[in-house]
Amino acid sequence: MPIARPRVVVTRKLPDMVEARMRELFDVEFAVGPALAAAIADADVLVPTIVDTIDADLIARAGPRLKLIANFGAGVDHIDLKAARARGIIVTNTPGVLTEDAADMAMALILAVPRRLSEGERQVRSGAWSGWGPTTMLGRRVNGKALGILGMGRIGQAIAMRARGFGLRIHYHNRRRLPHVVERAVDAVWHEDLDDMLTEIDILSVNCPHNASTHHLIDAGRLELLGAGGYLINIARGEIVDEPALVDALERGTIAGAGLDVFEHEPAVDPRLLALDNVVLLPHMASATIEARQATGEKVIANIRMWADGHRPPDQVLEGWA
């Protein structure tokens, strides 16, 4: 049965335009932390973000009215999907709206790490720069290098399109091989085996979802395969990379450098990473554009409205999501 004005609980401050539109359409309450469990006792819809843990315990404490979790973001690894389904709760996400911004950020890191841009900027700001010299701040050329993309979905393909413009050769590992027409568009080489790909590339871009099968997928052994001249770029999820193993590899020179927008225990960052010059560190900002946040909010609202009208939401997360 349609719900004229559903009660919606939002866990974080959202862009003003999104909040204003939500208040026009729904009965909205903002609840963070300990207040969340009490707030969802009589809520119809929960709108969490990727930094909220929506586990089985929290879902079990929700009232019988809660029938939709409309996630503000594409990834849903912070939501216990099995527990939600057991309670008859639909879960939606916001796919597609972050593709271009995330790909831009990945490309920025692909350029910044080998060329030591962050390190050079720190030199200028600190006053340590003593002027140009033939051997000063030497980095690595990107053109002609091999880029391996782990996860060739929307974002991975957008990265490949950009990378081709910089003269990078494209390799990828995916659960399923892409259609030949897509491979031809970026002249991409598919590797059924991830380890095989790692031995043939210079830069690895991590773009797969985080789930049980990808947790610590990039471990010490695979970092060794990437090699002493290799670079790791991660804008996906920190948990996909074994962070202590990565720090060890960076300290020992097992790999040449890394560009990280995500971390395994956000917002905590391993202090050993902070001490390294061969790492570019960003505060989970790949999707942080005004346009992306507004588009995400619009998708959340569309999912809620469609559900409230008694229809299947357009971005329902299905059983096989990973």
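User: Which residues does the UniProt annotation "domain: D-isomer specific 2-hydroxyacid dehydrogenase NAD-binding" cover?

Analyst: According to the unreviewed UniProt entry, that annotation covers residues 107-286. The model discussed here is predicted. Over residues 107-286 the chain is 34% helix and 15% strand, and the end C-alpha atoms are 10 Å apart.

User: Why are strand 3 and strand 4 called a pair?

Analyst: Pairing requires at least two bridges between the strands. Two bridges join strand 3 (residues 45-47) to strand 4 (residues 68-70), so the two strands count as paired. They run parallel, and Val 45 stands opposite Leu 68 in strand 4.

User: Why is Thr 254 called buried?

Analyst: Its relative accessible area is 10%. The term applies under 20%, so Thr 254 is buried. Thr 254 is in the loop between helix 11 (243-252) and strand 11 (257-260). Leaving out residues up to four places away in sequence, Thr 254 touches Leu 223, Glu 224, Gly 227, Ala 228 and Ala 249.

User: How do you know that the side chains of Thr 254 and Arg 252 make a polar contact?

Analyst: The contact is 3.1 Å, and the cut-off is within 3.5 Å. The pair therefore meets the distance criterion.

User: Why is Met 137 called partly exposed?

Analyst: Met 137 has a relative accessible area of 23%. Buried needs under 20% and exposed over 50%, so Met 137 falls in between. Met 137 sits in the loop between helix 6 (117-126) and strand 6 (146-150), and has a positive phi of about 55 degrees although it is not a glycine.

User: What makes the peptide bond from Glu 266 to Pro 267 cis?

Analyst: The omega of that bond is near 0 degrees. Pro 267 is in the loop between strand 11 and helix 12 (271-274).

Conventions. Residues are numbered from 1 along each chain as its sequence is written. This is a predicted model: local features need pLDDT of at least 70, side-chain atom pairs count only at pLDDT 80 or more; totals for chains, interfaces and linings use all residues. Side-chain values use heavy atoms; hydrogens and water are left out. UniProt positions are given in the numbering used here, feature names are shortened, and annotations may be inferred rather than shown by experiment. Helices (H or I, at least four residues) and strands (E, at least two) are DSSP runs, numbered from the N terminus. Buried means under 20% relative accessible area, exposed over 50%, partly exposed in between (1.4 Å probe, protein chains only). A polar contact is a pair of N or O atoms within 3.5 Å; within protein, one must be able to donate a hydrogen and the other to accept it, and residues adjacent in sequence count only if both atoms are side-chain atoms. Contact means heavy atoms within 4.5 Å.
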